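Morning, everyone. I'd like to walk you through one model today, so let me put it up on the screen.

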Amino acid sequence: MTDVLIGGAGPTGLVLACDLARRGAAVRIVDRSPVPPRTSRAKGPNARSLEILDDLGVAEEVLAAGSAPLPMLKYRDRLPVAETDPWADSAPTPDAPYDRGRLIAQWRLEEILRDRLAGYGVRVELGREVTGLAEGPGGQHVDVTFAEGRTERARYVVGCDGAHSSVRKLLGIGFEGATAEDQVMVCGDVDLADGALDRTRWHQWFDEDGAVMLCPIPGTRTGWWFQAGPERDGRGRPLAPTADGFRRLLARHTALPGRALTRAELLSTYRVNVRMADRFRAGRVFLAGDAAHVHAVAGGLGMNTGIQDAFNLGWKLGLVLAGHAGAELLDTYEEERLPVAARTLDLTSERLRATLEAIRRPGGGLDAAITSDTTGLGVGYGWSSLARGLSEDPRAGDGFPDAPDAEVRTARGGERPAPHPGGRAPDAPCVDAGTGARTRLHRVFAGPGTTVLGFGPGSAAALREVAAVYGDAGVRTCRVYAAHEDRAGSGPGAAVVDDGGHAAAAYGTKASDGTGTGTGTSTLVVVRPDHHLGLSARADDTRSVLAYLRRLHGGTRSAEGVAERFSGIGGRRP
């Protein structure tokens with residue numbers, strides 16, 4: 001029997017398939033298209049999606065195939081009036097090495113992900129459309145019927161099949177929202193005559209009677225993304241896009257002749273559509289990506305929100321299928337991602353409003369849609385049941401040492417706020433204690449496991465306990481040494497040296513001693529498989545850490561023995 005059947009082989013479905021395949025799940029992915037679609041729709045992953053692609057092992061290939069976001073050259077009445085680089089003041093930081101997204105054609109990103117998936121022995125089954133779903137006897141599986149009449153069985157089904165999702169419709173899940181019929185754009189991939197425009201700029205012509213936007217497609221010599229306000233008929237209704245129509249728009253708004261456009265394909269009409277599914281789950285069937293939510297294109301969050309849906313769901317399905325976690329863990333997918341989707345609808349609608357206001361003035365452009373929120377790095381799940389009530393000891397509060405629940409916790413040393421439960425786990429440059437090679441915390445986290453970090457000498461015993469109980473159940477440990485610490489007898493698991501103090505600062509474990517060297521607090525940090533913070537606790541509170549791990553990775557005979565040994569003493573070691 002198939003463990004997970006994924007309907008839809010766009011970026012959302014492919015990321016989910018890759019994540020499940022590397023966990024050893026029996027995954028299949030189908031798509032109604034008879035051939036892989038060659039479309040450039042989304043312009044590329046944002047900073048948070050690059051972190052996910054890095055975890056999946058494809059970020060370097062994506063970076064090589066794409067380009068950095070380009071400065072935007074704005075025109076009015078065919079003349080250049082302003083140039084803006086929205087990322088001019090942005091730079092990588094120790095806790096976020098990807099400070100901006102990457103431009104890459106969607107078809108190229110999908111190609112990279114399909115190749116990665118094929119490395120696990122899984123290939124997209126093309127020309128297959130889901131037409132029926134039925135829960136099997138006892139609710140232990142789903143019977144999936146395809147357009148060709150064949151019925152197959154899967155333990156779980158995930159609909160990643162776009163805004164017109166067949167899976168969502170078969171489930172009878174509502175898709176409430178609105179379509180703005182007056183907010184219309186025509187789009188396509190075009191070729192311009194070689195040298196017609198500078199390919200180091202994203203060109204944007206905004207006039208009172210229309211607009212044309214041309215962004216070079218990375219990896220091509222003459223290919224461009226074309227977006228424009230549509231031509232209209234005598235009654236003001238938008239006309240369907242055509243190659244000749246694109247040439248007329250080009251000649252009307254730019255200084256280029258229409259004949260400079262030599263090819264136009266993948267033509268489409270885009271209307272602002274803001275909708276969200278009533279729920280993201282019905283029994284053993286889930287929705288992700290555009291099947292669950294669609295929103296304004298401003299900010300480029302459509303594909304990225306879907307990728308992040310997939311990364312949230314993949315590890316949870318993996319743990320349940322492996323028999324480590326109970327099925328209730330799957331409830332946290334909707335609990336965590338539905339509020340994110342709702343917030344994304346609001347954010348993109350606001351960014352669209354700001355952009356429409358900006359382009360009324362000469363020099364305004366698409367940079368109005370870009371804010372720190374559109375990087376995805378600030379998305380967290382502080383409301384989640386996986387981020388509260390983490391400790392069985394009522395004295396432990398929310399699990400953060402010496403920090404009131406309602407306050408923003410500031411890292412010792414004052415450099416940055418310490419992460420909250422549910423927040424993105426920061427990255428940090430460090431040194432592999434065994435090899436001396438440069439590495440990063442996100443490389444330590446990479447792969448399908450949960451990670452327990454130990455800061456300070458007092459964490460060593462707890463890390464040994466965690467390794468003994470959960471080392472064979474997908475949990476890895478990593479001791480994070482300060483530069484001045486003695487590293488003799490580091491024990492099981494990985495070990496890194498925080499030679500620049502960036503990890504301690506990011507995780508709020510650095511205490512200033514007034515000399516600039518600092519003395520670290522002994523702390524345990526649980527990082528979920530999706531690189532979000534699960535728990536931070538004092539190093540002597542092993543019980544809280546094991547209790548949290550038990551929610552994700554199940555109980556073992558060793559874990560039960562530890563719980564019994566520490567019962568009645570508040571989880572603190574005697």
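Let's start with Arg528, which is buried, and so is Asp530; buried means under 20% relative accessible area, with exposed being over 50% and partly exposed in between, using a 1.4 Å probe and protein chains only. The side chains of these two, Arg528 and Asp530, meet in a salt bridge at 2.8 Å, N to O. By salt bridge I mean a side-chain nitrogen of Lys or Arg within 4 Å of a carboxyl oxygen of Asp or Glu.

Before I go on, a word on where this comes from. It's a predicted model, where local features need pLDDT of at least 70 and side-chain atom pairs count only at pLDDT 80 or more, while totals for chains, interfaces and linings use all residues. Residues are numbered from 1 along each chain as its sequence is written, and side-chain values use heavy atoms, with hydrogens and water left out.

Okay, back to charges. Searching the whole structure turns up 40 salt bridges. Take Glu152 and Arg128, whose side chains pair up at 2.9 Å, N to O. Glu152 sits in strand β8 (residues 151-159) and Arg128 in the loop between β5 (125-126) and β6 (130-135), so this pair ties together parts 24 residues apart in sequence. Helices (H or I, at least four residues) and strands (E, at least two) are DSSP runs, by the way, numbered from the N terminus. Glu152 counts as buried at 11% relative accessibility, and Arg128 counts as buried at 11% too.

Now a pair inside a helix. Arg108 bridges to Glu111, with the closest N and O atoms 2.8 Å apart. They're three residues apart in helix α4 (residues 106-118), so about one helical turn separates Arg108 and Glu111. As a reminder, an α-helix has 3.6 residues a turn, so residues three or four places apart point the same way. Arg108 is partly exposed at 21%, and Glu111 is partly exposed at 28%.

On to helix packing. Helix α10 (residues 460-470) and helix α12 (residues 542-553) pack at about 25°, with their axes 11 Å apart. Axes here are lines fitted to C-alpha atoms, for helices over the stretch in contact, and angles run from 0 to 180 degrees between N-to-C directions. That makes α10 roughly parallel to α12, since angles under 35 degrees get that label, over 145 is roughly antiparallel, 65 to 115 roughly perpendicular, and the rest oblique. Who's touching whom? On the α10 side, Ala462, Glu465, Val466, Val469 and Tyr470 meet Thr542, Val545, Leu546, Leu549, Arg550 and His553 in α12, contact being heavy atoms within 4.5 Å.

Next, α7, residues 302-321. This helix has 20 residues and reaches 29 Å from its first C-alpha to its last, close to the 28 Å expected; the expected span is 1.5 Å times one less than the number of residues. Of those 20 residues, 18 are buried. Just after α7, Gly323 takes a positive phi of about 85°.

In the loop between β16 (293-294) and α7 you'll find Ala298, buried at 9% relative accessible area. Its C-alpha is 5.2 Å from that of Leu352, 54 residues apart along the chain.

To zoom out, the protein comes to 13 helices and 25 strands, and 55% of its 574 residues count as buried.
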